[in-house]
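Biologist: Could you take one part of this protein and go through it closely with me, setting it briefly against the whole?

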Amino acid sequence: MSRIHTATLAVVMIPVLSAGCGGGGDTAESELAAAESIEAMGDMDAADAMATLSNPNLATEDELTTVPGITAEHAAAVVGGRPYLRAADLHAVLAGAIGEEAALAAYRALWLPINLNDVTNEEILLIPGVGDRMAHEFEEYRPYVDMGEFRMEIGKYVDEEEVERLARYVYVPIDLNGATREEIMAVPGMSERMAHEFEEYRPYTDLDQFRREIGKYVDEEEVARFERYVTLN
């Protein structure tokens, strides 16, 4: 198993008119970042922009077939590649099954959330509507402490609705020893019972302890899937 168009978008990208943000702070660069995103998203409508994203590690085969371009055969290929630990791993399987262009279109409805602090530039560019300049802004503010920081920094370049659209594609790992129950429950596929187990073994001294303790309840692949979303500060 692997480990690895015609409607106008209602969400309008707004360039920054003031300096002061890292790397892309100057007005011309900010305008370029916003303009690239507008162009890249020109074939998306408002429903596409805010539709719920299916998680390829959690969706059933039937749910996957509701994604445009994915047949039952393709859905079986996606399920067969689980768990996906990086967006590049998903893209390799999906593009191999349905083609590069169709895979990129599918990411309007299907997506593996990406860790803002270690995602590659190539993976960021898989996000619908993100061009080179906006990818640069994603990278410029690393390391992110939390999603609030992401919203604040990227909000210098685009409006609030667009920030929220982009936020559906990314995450910042939670601190195992300090995360609230609400933050733990935000991890995809988390249950109340498993959240309790996350808390039960605090304080964690290292990730090996996390793997060992959580491995009492789920298999190795599921431990690895959960581990994507956590860190020890």
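Modeller: Helices here are DSSP runs of H or I with at least four residues, numbered from the N terminus. With that in mind, the place of Pro203 is in the loop between α12, which covers 192-200, and α13, and in this predicted model Pro203 is joined to Arg202 by a cis peptide bond with an omega of about -5°. The crossing of the two helices is right-handed. On the α13 side the contact is made by Leu207, Phe210, Arg211 and Ile214, which meet Val223, Phe226 and Glu227 of α14; sorted by kind, the residues of this contact comprise 5 nonpolar and 2 charged, with no polar ones.

A cis peptide bond also joins Arg142 and Pro143, where omega is about -10°, and Pro143 is found in the loop between α8 (132-140) and α9 (147-154). As for the whole, the secondary structure of the protein comes to 14 helices and 4 strands, and buried residues make up 47% of its 233 residues. The accessible surface of the protein comes to about 10900 Å², of which carbon and sulfur atoms account for 53%.

Conventions: Residues are numbered from 1 along each chain as its sequence is written. This is a predicted model: local features need pLDDT of at least 70, side-chain atom pairs count only at pLDDT 80 or more; totals for chains, interfaces and linings use all residues. Side-chain values use heavy atoms; hydrogens and water are left out. A crossing is left-handed if the near helix is turned anticlockwise from the far one by less than a right angle, and right-handed if clockwise. Contact means heavy atoms within 4.5 Å. Ala, Val, Leu, Ile, Met, Phe, Trp, Tyr, Cys and Pro count as nonpolar, Asp, Glu, Lys and Arg as charged, and the others, Gly among them, as polar. Buried means under 20% relative accessible area, exposed over 50%, partly exposed in between (1.4 Å probe, protein chains only). Accessible areas come from the Shrake-Rupley method with a 1.4 Å probe; for residues, only the protein chains shown count as cover.
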